[in-house]
Structures are given as C-alpha cells and as structure tokens.
Amino acid sequence: MPEPMSTHQHDRARVDLLVTGGAEVLTCAADAPDLIGSAGGGVAIDDGVIVAVGDISSYAAELVLDARGGLVMPGFVDAHTHVVFGGSRAQEYAARVAGLEPPAGAVVGITGTMASTRAAGRTALEEQAGARLREMIEHGTTTVESKSGYGLDIDTEVATLEANRALQQRLPVDIVSTFLGAHAFPPGAEHTAYVEQVVDLAARVGAGGLADFCDVYCDEGYFDLAQSERILRAGLDAGLPPKVHLDAYSHTGAAALAAELGATSVDHLNFTTDAELARLAAAGVAGVYMPCLDYAVGHPRPLDPRRVVEAGMELALATDICPGCWTTSMQLAIQMGCRAGGLSVPQALRAATLGAAASLGREGRIGSLEVGKQADLIVLDVPSHEEIAYRLGRNNVTTVIRRGEVVHDSTAREG
C-alpha cells in the first residue's frame, strides 16, 4: 500500500509516485539483451509518465509504494480478445472435452454466440464484458485489444464497438478497439451481399472513430482470400489498419496479403509456412500466439511459437478470451506459452508486454518501463520472473498501476 512521503525527502526532485523495494525490476525494453531487462532499483512516476527506472535515489514522492521484495514489471498487454459477447458456451465446452456432441438447445459456435449477443443488448453486453475486464485488470492487464464480431449485423456490431468505448471510460484499462464484422457469415446470409455490408460498415466505423483496426477471419469455411482483401482494403480506405485472423485451420495464402497491406499483426498462424513467416517478418508484421485457445479447443495442430521467433517476427501473447476460451489471465497465457509452446520465460514475458504492444502499434507508448512511456506497471508477490511461469493458475499480481494511478491493490485489504 502506498505510504506518504517522509520529511527527509524534501531536498529531492518531487514526483507523484515512487515504486521501491522490488527484488527485481523488469524493463522489457526493446534493446534488452535478455529480452526483459532484469535489473534492480525502482520506478519514478510523474503526471502518468515514467521519469526514471533503476536508480531513483534523487526523487521523492507524495506516495511511495513498497513492492515488499516482489517483482516489478510492465503491465500486461492482451493482444487479441473477444471480451464483449453475450451468454456462455459452457454446455458446448463440457460436451466437447468429454468427446460428445453438445446437447440439443446448447449454444454452439460463433453463430450461437451471435444469437446470444444480439439478444443481450448493449447494457447487458457492457455489464458482462465489464465483469471480465475487472478480472483482467486484477490479473495485471493494463491494455486490452477488444474485437467486435459476435453481432454480425449492423446494429450489434456498432453496439459492441460503442461498448468498447464506454468501458474504456468506465474502467481503468486502455481498450484498443477492432472492427471484426468479418468474423463469420450469419446463417442464411448471401456471401457477396454480406461482404458488401461489412465493407459499408467499415466506412461507417472509420468515419465515426469507433475502431482502431479492421480484422478479417480468413480461413476455410469463413472468408476467402478475395473476400478478405476486399474488406481489408475497405478498412484501409476508412483509416483502419489491417489485422488478420489467418491459417487457424487451413493454409490460406493470406500471409502474403497481410504483408502487402502492412498489417499490424497476424493471429493464429497454425498453418502458415516458414517462408511466409519470414516474409511477414520482413514486412514488420507481429505474430500473435494464443496458447490457451489452442488448448481449449484441442487444436489438432497447435502453433509452435518458436517458429515465429526464429523467422524474425515480433511475438505477441494473448488470452483470446472468447466464448470458446474463457480465461482472463495473461499469467495463464504466459504459463501455457512456456510449457505447451516451449517458450523461455523471458520470451513469454516479452511477448506479453512489448511484443503485444507492437502488435497494436503502441510499442512507442506502452509495453516497457522506459523514461517517457506511459506509467503502466504491476507488482507481483514473487521474488523472480521465473515464478510467474512456475506458479500455475495462481494470480501473482498484488498491485496494478495504470497511467500512474494505483487502480488495484490487494495489499490494502491485508490491513
């Protein structure tokens, strides 16, 4: 819990907040030779910005937060989520893990959630997503990418993006909004007509400032390469840079399109070739890895994230929280990325911070503890970074600071 400034500190430069007492401070700076910049010292914060990392002995603050021998590091950046949706697919999940077909009447798949999301209405969507986001914050996430895509009609897609904006204003988390009208085809929709509806809606979304990116699910049974290009180019025309769900269940060739259009990220990558990964790396496209999703769906070909790293791409981690993969914890994504994906702990931590920020085009602002960057950081009650991957399923985060403000502090409840 932050403590007031002591009297002997008056001769030092004054800042708003000092974080001290950490056994380890991770900067996750881009030039860190070990990927995480493991060091000592503390962090000085003023006006929501980091002003010093490491030696902070020349600063004094109104509030001093003692990390109590824990770990201090950047807040997690969740690079790919569908956090706004209605209802649940628990019955479907329970059946699938038992090797059974879902029972009659169970909500199944994207279009099943589409019906639940349309029925919920915007107020309920905000309430349900807000509860999930609060859990994400308590687990150390300070920036969340949030996609539409479970409305699949004009009104509900817009309502989802408006919910993103409202939740950004209500909750202490930064939300990066992505338009994903091309998540699936609604039942009975004529495909060409629906593509044109998405194209028209992209223009409306861009003009209204409702999203930061335009995304497409390019895969067998979803949107083909030509349809994906039509939508992504329309998004670009509307001022929405591309993101692409690609090659999750088949090889699509969409990697070349993503490289050509300058996509900020490509996500899934299960069937993407090494040559395509190298081309994406050359184009500066980040690759988003979602180990919890591959696990939750029992994917027949989980992505090996080491291929993404070896190709020279920036690797990003994400929960992919959605009806088919309900996890709010980036710590679990790190743990799964290490054990299931074979990442080293520093690789996973880098992917959960600066790498994820790069996948959102925000690596200059967030994702690392560096002077001049937004003061998003977390304190964990573990003495070293290896413990994050080691302590499976536990929330190790005690304190969350977003834009220089303490927004969650479980130590305050300890008395």
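This is a predicted model: local features need pLDDT of at least 70, side-chain atom pairs count only at pLDDT 80 or more; totals for chains, interfaces and linings use all residues.
## Basis of the model

Local features need pLDDT of at least 70 and side-chain atom pairs count only at pLDDT 80 or more, while totals for chains, interfaces and linings use all residues. Residues are numbered from 1 along each chain as its sequence is written, and side-chain values use heavy atoms, leaving out hydrogens and water.

## Largest pocket

The largest pocket has a volume of about 690 Å³. A pocket here is an open set of points on a 1 Å grid over the protein atoms alone, where a 1.4 Å probe fits, with protein on both sides within 12 Å along at least five of seven lines. Grid points are joined across faces, edges and corners, and the volume is the space filled by probe spheres set on them.

The lining has 30 residues; a lining residue has an atom within 4 Å of a point. Nearest the centre lie Arg-89, Tyr-249, Leu-293, Val-297 and Gly-324. Two or more lining residues come from each of α1 (90-97), α2 (109-138) and α8 (291-296). Helices are DSSP runs (H or I, at least four residues), numbered from the N terminus. α1 gives the most, with four residues. By class, the lining has 16 nonpolar, ten polar and four charged residues. Nonpolar means Ala, Val, Leu, Ile, Met, Phe, Trp, Tyr, Cys and Pro; charged means Asp, Glu, Lys and Arg; the others, Gly among them, are polar.

## α2 against α3

α2 packs on α3 (residues 154-170) at about 30°, with the axes 10 Å apart. Axes are lines fitted to C-alpha atoms over the stretch in contact, and angles run from 0 to 180 degrees between N-to-C directions. The two helices are therefore roughly parallel (angles under 35 degrees). Their crossing is right-handed: the near helix is turned clockwise from the far one by less than a right angle.

Contact means heavy atoms within 4.5 Å. Among the α2 residues involved are Arg-118, Arg-122, Leu-125 and Glu-126; α3 gives residues including Ala-159, Glu-162, Ala-163 and Arg-170. This contact divides into seven nonpolar, four polar and six charged residues.

## α3 against α4

The axes of α3 and α4 (residues 191-207) come within 11 Å and cross at roughly 35°. This crossing is right-handed. Ile-154, Glu-157, Val-158 and Leu-161 of α3 meet Gln-197, Leu-201, Arg-204 and Val-205 of α4. Five of these residues are nonpolar, one is polar and two are charged.

## α4 against α5

α4 and α5 (residues 225-237) cross at roughly 15°, and their axes come within 8 Å. They are therefore roughly parallel. The crossing is right-handed. From α4 come His-191, Val-195, Glu-196, Val-198, Val-199 and Ala-202; from α5, Gln-227, Arg-230, Ile-231, Ala-234 and Gly-235. The contact holds six nonpolar, three polar and two charged residues.

Note on methods. Angles under 35 degrees count as roughly parallel, over 145 as roughly antiparallel, 65 to 115 as roughly perpendicular and the rest as oblique.
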